[in-house]
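Please read them with the structure open.

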Amino acid sequence: MAGKKIFVDETRREISEHGTAGFPVTVNHDDLWMFEGKTVPVHWHSDLEIGLPREGKATYQIYQNRYTLKPGEGILINSNVPHSCCSPDNRRVKYHSIILRPDFLYGDFGSDVEKNCFRPFLQNHAVPCLLFRSEDDCGKQLLQLLNQVDSLFCQRPPCFELLIKGLLCQAFGLFFSSQSETVTEFVPENKIDLDRLEKNALLHPHPL
């Protein structure tokens, strides 16, 4: 039986959409043994990805670094960062991933939420990922929020989209506020272009 694949272009960018245009969030329940070679090959996408091991240990390759996680731990992978996932001991690994387009949470480019909360992380290539563990109070809260997102996505009660957005906003607020020393304010090389885009976004906001 053919294994599950990640479809990519010539640059290894994943070409499959995550969620829909109206609700750009998806939650996947995956088993590494279902993929070809029992591994998720190197790929990247502009969406943010949260990996949550549920059974066994999962090793995420992020650039030249490897992070081995077990249930009760998680990883937030930054936008446009190449990553892969495998088993460090060739044992079965099951994990959940929450993948979302960041502007679903921050709204228009140039908004205070985008500029003050998301931009220092999204455009900081020195921070390709953030780790969290249930042993920490913040990590425990994060896992509780993300588990609720998982449940709502599967059950889809009335207004689940709004409930999920609210939970994700809380989760990312914890992510970024707890990592304020790691995700610091910086001045990117393309600041002039960013300022121009920001002014354009404020002058021509997206219609509701």
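1. Five-stranded sheet. An open sheet is formed by 5 strands in the order β1-β8-β3-β6-β9, with antiparallel pairing. Two strands count as paired if DSSP finds at least two bridges between them; strands (E, at least two residues) and helices (H or I, at least four) are DSSP runs numbered from the N terminus. β1 and β9 are the edge strands, each pairing on one side only. On average, neighbouring strands of this sheet are turned by 20° against each other, direction ignored. Axes here are lines fitted to C-alpha atoms, for helices over the stretch in contact, and angles run from 0 to 180 degrees between N-to-C directions.

2. Basis of the values. This is a predicted model, in which local features need pLDDT of at least 70 and side-chain atom pairs count only at pLDDT 80 or more, while totals for chains, interfaces and linings use all residues. Residues are numbered from 1 along each chain as its sequence is written, and side-chain values use heavy atoms, with hydrogens and water left out.

3. Chain overview. The protein chain has 5 helices and 9 strands, which run β-β-β-β-β-β-β-β-α-α-β-α-α-α from the N terminus on. Of its 208 residues, 43% are buried, where buried means under 20% relative accessible area, exposed over 50% and partly exposed in between (1.4 Å probe, protein chains only). Among contacts with a separation of 6 or more, 73% are between residues 24 or more positions apart; contact means heavy atoms within 4.5 Å.

4. Strand β6. How many residues of β6 are buried? The count is 5 of the 5, so β6 is largely enclosed by the rest of the structure. In a regular strand the side chains alternate between the two faces of the sheet. Here Glu73, Ile75 and Ile77 are buried on one side, and Gly74 and Leu76 are buried on the other. β6 (residues 73–77) is joined to β9 by 5 antiparallel bridges, and glycine 74 stands opposite phenylalanine 132 in β9. With β3, the antiparallel pairing of β6 extends over 3 bridges; isoleucine 77 in β6 is the bridge partner of glutamate 49.

5. Helix α3. This helix lies across β1, β3, β6, β8 and β9, and runs at about 95° to β1. α3 has 19 residues and spans 27 Å from its first C-alpha to its last, close to the 27 Å expected at 1.5 Å a residue; the expected span is 1.5 Å times one less than the number of residues. The buried residues of α3 include Leu142, Leu146, Val149, Asp150 and Phe153, and what covers its buried residues includes α4 as well as β1, β3, β6, β8 and β9. Just after α3, arginine 156 takes a positive phi of about 50°.

6. Nonpolar cores. A nonpolar core is a set of buried Ala, Val, Leu, Ile, Met, Phe, Trp, Tyr and Cys residues joined through side-chain atoms within 4.5 Å. The largest has 35 residues, and Ile50, Ile98, Ile164, Leu168 and Phe172 are those with the most contacts inside it. Elements that give two or more residues to this core include β1 (25–31), β3 (48–55), β8 (94–100), α3 (137–155) and α4 (160–178). α4 gives the most, with 9 residues. Leaving aside neighbours within four places in sequence, isoleucine 164 is in contact with Phe23, Val25, Val149, Leu152 and Phe153. A second, separate core has 16 residues, including Ile6, Ala58, Tyr60 and Cys129.

7. Asparagine 78. This residue lies in the loop between β6 and β7 (83–86). Is asparagine 78 buried or exposed? Asparagine 78 is buried, with a relative accessible area of 2%. Its side chain reaches the backbone oxygen of phenylalanine 121 at 2.7 Å. Residues that asparagine 78 touches, not counting those up to four places away in sequence, include Asp47, Leu48, Asn124 and Pro128.

8. Threonine 59. Strand β4 (residues 58–62) holds threonine 59, which is buried, with a relative accessible area of 2%. The side chains of threonine 59 and threonine 68 are joined by a polar contact of 2.8 Å. A polar contact is a pair of N or O atoms within 3.5 Å; within protein, one must be able to donate a hydrogen and the other to accept it, and residues adjacent in sequence count only if both atoms are side-chain atoms. Not counting residues up to four places away in sequence, threonine 59 also touches Arg66, Tyr67, Ser84, Cys85, Cys86 and Pro88.
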